[in-house]
Amino acid sequence: MEPVLNYINGTFQPAASGHTLETVNPATGQVITTVPRSAARDVADATQAAKAAAPAWGARTMEERIEWLERIADALEAEAETVAQLESLDTGKPIALARRVDAARSVANFRFFATYAREQTVQTFTAHGAINHVHRSPVGVVGLITPWNLPLYLLSWKVAPALLMGNTIVAKPSELTPLTADFLAKTLDRLELPPGVFNLVHGYGPDVGQAIVEHPDIRAISFTGGTATGKIVAATAAPMFKKLSLELGGKNATVVLDDAPLDDIMDGLVRASFTNSGQVCLCGSRILVDASIYETFATKFVSAVEALTVGDPTLDETQMGSVISKDHQAKVESYIRLGLEEGGVLLTGGTSETAPVDGVSTEGAFLRPTVLANLDASCRTATEEIFGPVVTLHAFANEEEAVAMANNTEYGLAGSVWTADTARGHAFAQRMETGIVWVNTWLNRDLRTPFGGVKQSGVGREGGAWSMGFFSEITNICVQQP
Ligand code: TXE
């Protein structure tokens, strides 16, 4: 595959230093291609281009920018299979998942914000003989930093509203997954988006991401990634009074109440646990089950998990592929071993030694879906983010205990509650200290809703009006009526 290049001021170019880094197919361990190992100098060039393009892009009408989003959505939709193939190659996720989630949602993100923006009107407040107009202007140049788990899904989730609201962009994808960000740049270039409106700089986080966060001309940072990195980003951006949106890690609880119809919900629970090999910040990694149905649940859940097709991500029937890298495989395995050390009992799965995935390359970063039981809900395995195909099962005596267990982590991103009584589930959900709760479903996403977490899961919300608000500055204009 051709080397990936930065996209700065409408031209594809290597890092100023000429340095590159390799990107690997995690399912085979094979090098795919090289990407620029950029540095602050490249970020400065990209920011200068974005700053120069900002006035003209910001001066376009909302309708003109809405039409651009529709053009981009159409172009990505026409190439959805290419997007899915690139995403699966880059991440090791099954091609069926890349089609159904990553490629489809990348199109939906652009199309949603175009449609939604058309429905919005300027907010006004009238009192004391005056009309107050909540006027929105572009922030200017915005920095978008995205992770490796849902590369184009999460990049497009930020690019769409940022462009819509008249901003120009300096974006940095994860060094582990550059391919679909590059594809987006090539698509925007083909559509002749004005140079400098969208700039893409590849490289390591501390080199490129840090430079984006530090650059004084980048006035807002939208970051999705790990909590540890989020703390560094926040520490850098806060004293510069930049607008900051942080969507970080999670350790989400899946709560199964005593009246849950187990056979009906089992597929949903397996999806919530192991989609994308558990590498979705919204996955449920702690399953809390009423003690009265725990044994029955554990038996049904384990057999549903063992029915998953794990293997070569290029095969249509594969439901779980590899994790993102050998390093991440090792991190996840260290948690499986920790779980056993903390007294856990392995109900299914294990490390690549003890439970190898057959029919795949030994160079691939494969792990079987793993279920650990018998752990105390406050142990490290059950409270630290693993971000892999590992869940822990815990029994609770009553709803009070379930609420306490669900809230007993430093994270607060998402969760789900499963019950035959939706009013009961809704009431339980209101007691969970998270940004999102699903009742009898998972990852059912209405893009108008606020998305984000509390505690160590982040700051701020994106989605619908929250995204339009984040990617704009407000001026309240009060006009005294004659
Ligand atoms: O995230 P990172 P990674 C969690 C999960 C995972 C951990 C690390 O636990 O194991 O985060 O994953 C860039 N200044 N989630 O490595 O390191 C980096 O290059 C600015 C949850 O993907 O946070 C990448 O582009 N940027 C998460 C982006 O930040 C920096 C999804 C995210 O990288 C930087 C993925 C710095 N100093 C991982 N250092 C979710 N909530 O969805 C790195 N980066």
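This is a predicted model: local features need pLDDT of at least 70, side-chain atom pairs count only at pLDDT 80 or more; totals for chains, interfaces and linings use all residues.
Local features are reported at pLDDT of at least 70 and side-chain atom pairs at pLDDT 80 or more, while totals for chains, interfaces and linings use all residues. Residues are numbered from 1 along each chain as its sequence is written, and side-chain values use heavy atoms, without hydrogens or water.

Helix α4 spans residues 95-118, and helix α5 spans residues 151-164. Helices here are DSSP runs (H or I, at least four residues), as are strands (E, at least two), numbered from the N terminus. The two helices pack at an angle of about 15°, with axes 8 Å apart. Axes are lines fitted to C-alpha atoms, for helices over the stretch in contact, and angles between N-to-C directions run from 0 to 180 degrees. α4 is therefore roughly parallel to α5, a term for angles under 35 degrees. Their crossing is right-handed, meaning that the near helix is turned clockwise from the far one by less than a right angle. Contact means heavy atoms within 4.5 Å. On the α4 side, the contributors include Val-101, Arg-105, Phe-110 and Phe-113. On the α5 side, they include Leu-152, Tyr-153, Trp-157 and Leu-164. The contact residues comprise 12 nonpolar, three polar and two charged. Nonpolar covers Ala, Val, Leu, Ile, Met, Phe, Trp, Tyr, Cys and Pro; charged covers Asp, Glu, Lys and Arg; the others, Gly among them, are polar.

Phe-301 sits in helix α10, residues 294-306. This residue is buried, at 0% relative accessible area (buried is under 20%, exposed over 50%, partly exposed in between; 1.4 Å probe, protein chains only). Leaving aside residues up to four places away in sequence, Phe-301 touches several residues, among them Met-266, Phe-274, Val-371 and Leu-393.

Thr-392 belongs to strand β16. Thr-392 is also buried, with 1% relative accessibility. Its side chain makes a polar contact of 2.8 Å with that of His-394. Such a contact is a pair of N or O atoms within 3.5 Å; within protein, one must be able to donate a hydrogen and the other to accept it, and residues adjacent in sequence count only if both atoms are side-chain atoms.

Most residues other than glycine have a negative phi. Phe-387 has a positive phi of about 60°. Phe-387 lies in the loop between α12 and β16 and is buried, at 15%. Asn-440 likewise has a positive phi of about 60°. This residue occupies the loop between β19 and β20. Asn-440 is partly exposed, at 28%.

How values were computed: Angles under 35 degrees count as roughly parallel, over 145 as roughly antiparallel, 65 to 115 as roughly perpendicular and the rest as oblique.
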